[in-house]
Each structure stands twice: as C-alpha cells, then as structure tokens.
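Work through these exercises with the structure open. Try each task before you read its solution.

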Amino acid sequence: MGAAPGARGEWLARTRARLGASLRVVLALARKEVVQIVRDRATLVQLVVIPVVQLLVLANAASFEVRGARVFVVDEAPSPASRALVARFAGSGYFRVVGWAPSAAPADEALLDRRASVILRVPRGFDEALAVGDGPARVQLVVDAEDGAAAAVVQAYAAQVLAAYGAGAAASKAGGAAAPAATPRIEVRARGWYNPALDYHVYMVPGILVSLVTIVGTLVAAQSIAREREIGTIEQLNVTPVGKYEFIAGKLLPFWLLAMAELAVGLAIAHLVFDVPVRGSLALVFGAAALYLVAALGVGLLVSTTAETQQQAQFVSFFVLVVYLLMSGLFTPVDSMPRWAQWLAELNPVKHFVGVMRAVLVKGAGAAEVARPVAVLAAYAAVVCTLAVRRYRKTTA
C-alpha cells in the first residue's frame, strides 16, 4: 500500500517526459514546415496575399442584387402616363432603358441577343384605363428567365416599381390622398432584423471568407506530404523515431496557425471595409474556427497521404472543394436542395462553419445557439485526423 503513491508519481513523471518529448518533436517538425513555407515564395504568396485580394474582389462580385437590369420599352401609344411609368423604372436604380420601340419585334430581338433582359410593354389605352379607373390598367413584363434566380429578383423589383407607380397615380387622381374605398384594411409593415439595410455584404462576406480559408488551407495541406514524397525527404522522416501522430500534428500545426491568422485578417477587412457587424463573441468565432480548421486541414492531409504526387493531390482536393462549396449553402440555399442532398450537406463542415459565422457575427448568437454545429465540427475534426493518421504509413512499400 505504501508503494502506490511512489508508483503513481513515477508513472506521472514518465508520462510528462513522453508528452514533453512528443511536444518537442511536433514543434521541430512544425518549425521545419514553416522554414519551407518561408523559403517558397509562391506558397507564401498563396497563403498570405491571394486570400486578401480574393476577399476584396469576390465580396463585391458575389451578389444577389441586380442593378441596372436592361429594359427594352414597347410603348404602343406613347402618352404622358406611359412616359411617367418608364421614368419611374429608370429612376428606381434597378433598371436601365436600352431601347424604345412601338412594336414587339425589336424588343424580341434585343431579348434574344442579350441586349436586353426585360421587356416592358405598355399597350394602347393604358392612359385611358388609368384615368377612368373602372378596371385595371394593364402592362406586360417579359423577363429573361435563363437565370431563374436573377429573373425572380428582377420581377420583385418591377412589382415594387409598379406598385409605387399605381399608388402614386391613385393618390393623384384622388387629389393628393388615396380614396377611402382604396384604403386597405390591413396594413403590413415589414421590418428586417439583423440586416435592416438588406446589404448583401453582411450575408455574403462571412461565407466567402470561410470558403477562401478552406480552399487555401486544404490545397496547401494536401500538397504537404505529397511534396515530401516527391523530393525524397519522406524516406528520411520515415527512418526517424517520429510517431505517426507526431508527424501529422507537426504538419498540421503551421497551416492551422496561418489559417487562424488569415481568418483574423479577413474578419478585420470584413468589418472595416464591408461593415460586417460583430454582434457576437469573437472568442466563440475563433473557438469554432479552431475546430473547423483542424477538420479542413485534416482533409487536406488525408488527401496528401493517399496521393503520390502534388498534381494528384491538387486534383483530388479540387474535387472535394467543389462538393464542399456547392453543398454548403453559400450560393444556393440548402433548403432548396433535394432531401437526399440536404442529408449529405449535413456531413459538410463548410456548411456548419458558415452557419456559425453568420449566426455569431450577424445575429449575435451565443454558445447555446451554435452548440450543435460546433459539436459536428468537433466530431468531423476527430474523425478526419484519425483517418489521416491511419492512412499514413512509415514505409515506402
């Protein structure tokens, strides 16, 4: 009984010694990886400069807004009323008049050869119907629906312009106030929470930042072991007493730190340049990011353990990243996907981290609200890193 405390202390001492030795090995491997990255200017630019440039460019390019939709006007009987309607469209900021004709043939040609994306047809008798008010004053809107999402947005904008024009015409006819019979009994007041200005940057920039960190981190990590195999240094590492867990951790640590730094820089750019709010806890964001980056970089290392060359690693990584991004809900809502695709999307770590970023930054969500996606990221990181370690073999056979 008296020897038990001494044996326990000896076991603790041996455990600390082993952990200290493993930590020194991991740090030595990480230092070697950092030296390689610093010496390789192309990789350094790929990791540091390109993501910042892409964020600045893509945040302005990736937008659900439609500005300056090209409208071809078919005014069969020009009148002050029809000209006022066209002026209302042109002055809205959403439409740009590119042509005017009294018949539909030129408009159809413009729509066919992409000179116009919308046809606004004002039929004969529009001004009389508007003045009499016994029936609806009809206009026809033809929208190029080749891009269904853009067509829906354009149609919604046009409906707003027409509703505003109709309300203004009714008020003018009633002598400056809407007629009592036309006064609605139900009044709807819309109020947008979290993003009252409906600024698409607030929604898109966090997702774009996640996608850029994922692309850069996964691609570089995927080339890591494959590069060692190509230049022959993998054999030198295999004959050392470095364990598989230590090797994978040493490879993962530098890229993880760089990705966390890139995320911090990207968040600063998002807040200072694009006015993305930070309503929640940054500690929660970086905590979730720490788990997510282990998963994302682990996927890259898993690819690297199976690829013989860097070219193979890049090809497989691009395949994985395309699936990641298209099924993440970044550009298309997950709810609009088929049911089987929605189940597959639940296995996508990008989807969960994009949701965490948007919830914490834009809505101010706390730990309880994002507990489920964070738990999924933790499980994904554990599984992927375990597979990467098991796939790595300290042999060239």
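**Exercise 1. Compare the reach of helix H13 with the expected value, then decide how enclosed H13 is.**

Step 1. The model is predicted. In it, helix H13 spans residues 349-363, which makes 15 residues.

Step 2. From first C-alpha to last, H13 reaches 20 Å. At 1.5 Å a residue, 21 Å is expected, and the value is close to that.

Step 3. Buried means under 20% relative accessible area. Of the 15 residues of H13, 13 are buried, so the helix is largely enclosed by the rest of the structure.

Step 4. Look at the ends. Asn348 caps the N-terminal end of H13, with a side-chain oxygen 3.0 Å from the backbone nitrogen of Val350. Just after H13 comes Gly364, with a positive phi of about 75 degrees.

**Exercise 2. Find the contacts of Thr214 and state whether Thr214 is buried or exposed.**

Step 1. Locate Thr214 in helix H7, residues 200-231.

Step 2. The relative accessibility of Thr214 is 1%. The cut-off for buried is under 20%, so Thr214 counts as buried.

Step 3. The Thr214 side chain reaches the backbone oxygen of Val210 at 2.7 Å.

Step 4. Set aside neighbours within four places in sequence. Thr214 is then in contact with Tyr292, Leu321, Tyr324 and Val350.

**Exercise 3. Describe the surroundings of Ala290.**

Step 1. Ala290 is part of helix H10, residues 282-306.

Step 2. Ala290 has a relative accessible area of 18%. That value is under the 20% cut-off, so Ala290 is buried.

Step 3. Residues up to four places away in sequence are not counted here. Ala290 touches Trp256 and Met260.

Step 4. Take the pair Ala290 and Ala259. They are 31 residues apart in sequence, and their C-alpha atoms are 9.3 Å apart.

**Exercise 4. In what order do the strands of the sheet lie, and which helices pack on the sheet?**

Step 1. The sheet is open, with four strands in the order E2-E1-E3-E4 and mixed pairing.

Step 2. E2 (95-101) and E4 (140-143) are the edge strands, each pairing on one side only. From one strand to the next, the twist averages 25 degrees.

Step 3. Strand E3 (residues 118-122) and E4 run antiparallel and are joined by four bridges. Ile119 stands opposite Val142 in E4.

Step 4. Helix H3 (residues 80-91) packs on the sheet and touches E1 (69-75), E2 and E3. The direction of H3 makes about 145 degrees with that of E2.

Step 5. Helix H4 (residues 104-112) also packs on the sheet, touching E1, E2, E3 and E4. The direction of H4 makes about 165 degrees with that of E1.

**Exercise 5. Where do Tyr194 and Asp275 lie?**

Step 1. Tyr194 is in the loop between helix H6 (148-173) and H7. Its phi is near 70 degrees, a positive value in a residue other than glycine. Tyr194 counts as partly exposed, at 38% relative accessibility.

Step 2. Asp275 is in the loop between helix H9 (244-274) and H10. Phi of Asp275 is near 60 degrees, again positive in a residue other than glycine. At 58% relative accessibility, Asp275 counts as exposed.

Note on methods:
Residues are numbered from 1 along each chain as its sequence is written. This is a predicted model: local features need pLDDT of at least 70, side-chain atom pairs count only at pLDDT 80 or more; totals for chains, interfaces and linings use all residues. Side-chain values use heavy atoms; hydrogens and water are left out. Helices (H or I, at least four residues) and strands (E, at least two) are DSSP runs, numbered from the N terminus. Buried means under 20% relative accessible area, exposed over 50%, partly exposed in between (1.4 Å probe, protein chains only). Contact means heavy atoms within 4.5 Å. The expected span of a helix is 1.5 Å times one less than its number of residues. A polar contact is a pair of N or O atoms within 3.5 Å; within protein, one must be able to donate a hydrogen and the other to accept it, and residues adjacent in sequence count only if both atoms are side-chain atoms. Two strands pair if DSSP finds at least two bridges between them. Axes are lines fitted to C-alpha atoms, for helices over the stretch in contact, and angles run from 0 to 180 degrees between N-to-C directions.
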